[in-house]
Amino acid sequence: MLGADHHGTRNWYAAVARMLGYDPERIEVLIYQLVHLTSGGQQRKMSKRRGDVVFLEEFMDEVGVDAARWYLVNRGPDQTIEIDVDLAAERSQKNPVYYVQYAHARIAGILRNAPRESGESVLPTQPQASEERDLIKRLLEFPVVVAEATQRRGPQAIPVYAIRVADDFHRFYHEHRVLGSDAEAFRLALVRAAQNVIARSLDLVGVEAPKRM
């Protein structure tokens, strides 16, 4: 992975591989675009010549490791990475990474209060609501999303997908009671599946999946 100002060196790596006796066809170089940081509604002016730079360590100190990883993965190599530092540091549901982590923590809270598994069938005993169907369909997309992200070298698909899962879960959560409902066993199984997919999505981009927030 190289920065946008290194186009002229991208072919060096295949040449070096050939010199060392490796197959140059195995070398793949991704060129990432520039990262623009905004704070207080103003874009930070950076210049290596003037010494005005923001190091990754400084960025992580300002927004946290999870947010730094999320926002840097949230755009593909062909897109300029625009990061609102104030939003990235915010611990509210306006912040996408916090929003997804909150969905995981909310499910953990439901499961902490759930009765122990009794071996009861989790098959639905009544027609599924639209919110339940939407969440199930979204969860079933996970293997395809990951496979395509890998094939296309497009990790940004994972955060985008995780937000959609969190959206579908929150819609379901606000419309339907899980514990104490006639469909409790089925809905508990559904939220466990949602938690698992969210946790795996976060793990793929190096972000923690907290159980309490």
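**Helices, charges and a few loops**

Hi everyone! Let's begin with a pair of helices: H8 and H9 run roughly antiparallel to each other (angles over 145 degrees count as roughly antiparallel, under 35 as roughly parallel, 65 to 115 as roughly perpendicular, and the rest as oblique). What you see above is a predicted model, in which local features need pLDDT of at least 70 and side-chain atom pairs count only at pLDDT 80 or more, while totals for chains, interfaces and linings use all residues. Residues are numbered from 1 along each chain as its sequence is written, and side-chain values use heavy atoms, leaving out hydrogens and water.

Back to our pair. Helix H8 covers residues 157-175 and helix H9 covers residues 184-204 (helices are DSSP runs of H or I with at least four residues, strands are runs of E with at least two, and both are numbered from the N terminus). How far apart are the axes of H8 and H9? They are 10 Å apart, and the helices pack at an angle of about 155° (axes are lines fitted to C-alpha atoms, for helices over the stretch in contact, with angles from 0 to 180 degrees between N-to-C directions). That angle is why we call H8 and H9 roughly antiparallel. H8 also passes H9 in a left-handed crossing (the near helix is turned anticlockwise from the far one by less than a right angle; clockwise would be right-handed).

H8 has another partner, helix H6. The axes of H6 and H8 come within 9 Å and cross at roughly 160°. That makes H6 roughly antiparallel to H8. The crossing of H6 and H8 is left-handed, and so is the one where H8 passes H9.

Now for the charges. Side chains of opposite charge can pair when their charged atoms come close. How many salt bridges does the rule give here? The count comes to 5 (a side-chain nitrogen of Lys or Arg within 4 Å of a carboxyl oxygen of Asp or Glu).

One of them joins Arg187 and Glu132, whose closest N and O atoms are 2.8 Å apart. Arg187 sits in helix H9 and Glu132 in helix H6 (residues 130-140), so this pair ties together parts that are 55 residues apart in sequence. Are Arg187 and Glu132 buried or exposed? Both residues are buried (under 20% relative accessible area; exposed is over 50% and partly exposed is in between, using a 1.4 Å probe and protein chains only).

Next, find Arg171 and Asp168, whose side chains meet in a salt bridge at 2.5 Å, N to O. Both belong to helix H8, and because they are 3 residues apart, about one helical turn separates them. Arg171 is partly exposed, with a relative accessible area of 46%, whereas Asp168 is buried at 4%. Salt bridges with shared partners join Arg171 and Asp168 with Arg138 and Glu141 into one network. Glu141 is partly exposed, with a relative accessible area of 32%.

Let's step into the loops. Arg153 is found in the loop between helix H7 (142-151) and H8. Most residues other than glycine have a negative phi. With 38% relative accessibility, Arg153 counts as partly exposed.

Ala129 lies in the loop between helix H5 (96-112) and H6, and this residue counts as buried at 18% relative accessibility. Ala129 and Glu175 are 46 residues apart in sequence, and their C-alpha atoms are 9.4 Å apart in space.

Two more pairs to look for. Ser39, in strand S3 (residues 35-39), is partly exposed at 26% relative accessible area. Ser39 and Asp84 are 45 residues apart in sequence, with 6.1 Å between their C-alpha atoms. Arg200 has its place in helix H9 and is partly exposed, with a relative accessible area of 45%. Arg200 and Asp61 are 139 residues apart in sequence and 25 Å apart in space, C-alpha to C-alpha.

To finish, turn the model until you can see H6, H8 and H9. H8 is roughly antiparallel to H9, and H6 is roughly antiparallel to H8. Then look for Arg187 in H9 and Glu132 in H6, the pair with 2.8 Å between the closest N and O atoms.
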